[in-house]
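These are my notebook entries on one protein model.

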Amino acid sequence: MTATRRLTEAEWRIVEEETARRPPAPRPPEGARERVNRRWQEVLQETRVAQTGVQILFGFLLSLAFTVRFRELGGFDRGLYVVTVVLAASSTAALIAPVSLHRCLSGLRLKEEVVIAAGRLMVCGMVLLSLTVACTLLLILNVVLGGVLAAGIVVGGVMLWFALCWYVTPYRLRRRAPSRIRDGDTR
């Protein structure tokens, strides 16, 4: 029978320090199949994050029509509400579509095509989501601030921030790394 002993905290620190000093093991070159699998996993992670947000927003919007105050809304606000709900439903469809794509095409050896289509649907869903947020803000701020102009100015500022965070920053970073992208290294 072999006796095992637990390492002390000091011994663990020595092990961790030695491990940290070692150079990382070289990664074997990633094959096309591994790259597609990795990209699919990334799409799934991104989809999970986006789906949660759009589903919460969509649920909130659906519940608004059943509140007492909703009956007091004027024609503009009701029309804006309808547009907002349709945008939220469309965004939900686009952001959940990658799951359906995968399920319907699983086993047909079309993973690369599924990844490309899912990426496009994600971008479409994100654009629709940003429009949904803009319309939701416009609806709420129009009621709170009592005017479309003031609400529009605030919404315009928020949408500029969305554009900067969601589109300008990633595309600027992408433009700065042209050689890696051109060589197919999308890590």
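This is a predicted model: local features need pLDDT of at least 70, side-chain atom pairs count only at pLDDT 80 or more; totals for chains, interfaces and linings use all residues.

I took helices (H or I, at least four residues) and strands (E, at least two) as DSSP runs, numbered from the N terminus. Residues are numbered from 1 along each chain as its sequence is written, and side-chain values use heavy atoms, with hydrogens and water left out.

**Entry 1. Overall make-up**

I counted six helices and zero strands in the protein. From the N terminus on, the order of elements reads α-α-α-α-α-α. For burial I used relative accessible area: buried is under 20%, exposed is over 50%, and partly exposed lies in between (1.4 Å probe, protein chains only). By that scale, 27% of the 187 residues are buried. I then looked up the accessible area, which comes from the Shrake-Rupley method with a 1.4 Å probe; for residues, only the protein chains shown count as cover. The protein exposes about 13400 Å², and carbon and sulfur atoms supply 64% of this area. For contacts I required heavy atoms within 4.5 Å. Among contacts between residues at least 6 apart in sequence, 72% join residues at least 24 apart.

I looked up glycine 53 and found it in helix α2. Glycine 53 is partly exposed, with a relative accessible area of 36%. Its C-alpha atom is separated by 9.0 Å from that of leucine 129, which is 76 residues apart from it along the chain.

Threonine 47 also belongs to helix α2. Is threonine 47 buried or exposed? I noted a relative accessibility of 2%, so threonine 47 counts as buried. Leaving out residues up to four places away in sequence, threonine 47 touches Leu95, Pro98 and Met122.

Valine 133 is located in helix α4. Its relative accessibility is 18%, so valine 133 is classed as buried. Which residues does valine 133 touch, not counting those up to four places away in sequence? I listed Leu57, Met159 and Phe162. I also noted threonine 84, which is 49 residues apart from valine 133 in sequence and 8.2 Å apart in space, C-alpha to C-alpha.

Cysteine 124 lies in helix α4 as well. With a relative accessible area of 38%, cysteine 124 is partly exposed. Between cysteine 124 and alanine 94 I noted 6.6 Å, C-alpha to C-alpha, at 30 residues apart in sequence.

Most residues other than glycine have a negative phi. Arginine 109, although not a glycine, has a positive phi of about 60°. I placed arginine 109 in the loop between α3 and α4. The residue is exposed, with a relative accessible area of 78%.

I next turned to the second largest pocket. On a 1 Å grid over the protein atoms alone, a pocket is an open set of points where a 1.4 Å probe fits, with protein on both sides within 12 Å along at least five of seven lines; lining residues have an atom within 4 Å of a point. The lining of the second largest pocket has 15 residues, and Val36, Arg109, Leu110, Lys111 and Glu112 lie nearest the centre. Helices α2 (32-64), α3 (75-105) and α4 (111-145) each supply at least two residues of this lining.

**Entry 2. Aromatic rings**

Rings of Phe, Tyr and Trp (its six-membered ring) were paired if their centres lie within 6.5 Å; planes under 30 degrees apart count as stacked, over 60 as edge-to-face and the rest as tilted. How many aromatic pairs does the structure hold? I recorded three aromatic pairs. The rings of tryptophan 166 and tyrosine 167 have centres 6.4 Å apart and planes at 75°, so this pair is edge-to-face. Tryptophan 166 is partly exposed, at a relative accessible area of 29%. Tyrosine 167 is likewise partly exposed, at 24%. I noted finally that ring pairs link Phe162, Trp166 and Tyr167 into a cluster. Phe162 is also one of the residues that valine 133 touches.
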